[in-house]
Amino acid sequence: MDKTIRRFTDPEELKNEEYRYWQSVPAEERIRATWEHTIDCYRMKGVEANGRGLRTTLVRFQRT
Amino acid sequence: MDEDLEQLLSAFNAHNVRHVVVGGHAVAVHAQPRATKDLDVFIDRSPDNARAVYAALAEFGAPLGDTKPEDFENPTSILRLGVPPVCVEIMQHIDGLDFNSAWDASSEHTVDGFTARYISAEHLIQSKLAAGRLQDLADVAAVRQAQAAMKIKPE
């Protein structure tokens, strides 16, 4: 774990640092983190991921 | 990754379905991870690919009902499988972007043994601007800021 403490005076630069961090890790790790983050967010709302829905639920939309 | 989703993506690959991942998962490639309600997939709507999509979904066991292979040639139709957060949206059309251009500029990534192509940053921005919802515009801002941040050296 990187224990460096960095001080930011500009919120934009703080955000830039976040982007630089995520862009420094492999794209595969960012994609995996998207899944983990999504599952965690839904769990916090009381919704458990259930992939069985892929075999039971189909909706077709028509663009207007 | 969810086991059922892995099986669905495996079926896509087994049937050589030409598809490009767009949406929130592509935002992770070009900016940073964020939560998303589904996996958005842009498919080639040529007759051959439409048949491949149908065959992959049938093999996977999707509840196709009265869905026909030709439905995957229809640019005005969107098919959603599953419920969030394990949900896949299959699109035959994206405003302002043709599939072959998206495919040619896309990049391949393998996650948990599954390889898929992801839309390029410029095409992602183009498609998000065309969609124009608040989340789309936030994604455009994120991708642009990530690109800018990579050009600026931290002090």
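**Strands and pairing**

Two strands count as paired if DSSP finds at least two bridges between them. Strands (E, at least two residues) and helices (H or I, at least four) are DSSP runs, numbered from the N terminus. Residues are numbered from 1 along each chain as its sequence is written, and chains are lettered from A and ligands numbered from 1 in the order in which they are written. This is a predicted model, in which local features need pLDDT of at least 70 and side-chain atom pairs count only at pLDDT 80 or more, while totals for chains, interfaces and linings use all residues.

In chain B, β1(B) is joined to strand β2 (residues 39–43) by 4 bridges, and the two run antiparallel. Here V21(B) has V41(B) as its bridge partner in β2(B). Strand β1 of chain B (residues 19–22) also pairs with β6 (residues 114–118) of chain B, in the parallel sense and over 2 bridges. In β6(B), V21(B) is partnered by Y118(B).

**The sheet as a whole**

An open sheet of 7 strands has the order β1(A)-β3(B)-β4(B)-β2(B)-β1(B)-β6(B)-β5(B), with mixed pairing. β1 of chain A and β5 of chain B stand at the edges, each with a single partner strand, so one side of each has no neighbour in the sheet. The twist from one strand to the next averages 35°.

**Where the chains meet**

V59(A) stands opposite R80(B) in β3(B).

The contact between the chains (C-beta atoms, placed from the backbone, within 7 Å) takes 43 residues from chain B and 36 residues from chain A. On the chain B side, the largest share, 7 residues, comes from β3(B).

**The nonpolar core**

A nonpolar core is a set of buried Ala, Val, Leu, Ile, Met, Phe, Trp, Tyr and Cys residues joined through C-beta atoms within 7 Å. Buried means that 20 or more other C-beta atoms lie within 10 Å of a residue's own, with C-beta atoms placed from the backbone; 12 or fewer makes a residue exposed, and values in between partly exposed.

The largest core has 50 residues, and V21(B), F42(B) and V53(B) have the most contacts inside it. Helix α3 (residues 47–60) of chain B gives the most to this core, with 7 residues.

Note on methods. Contact = placed C-beta atoms within 7 Å. Axes fitted to C-alpha atoms, helices over the stretch in contact; angles between N-to-C directions.
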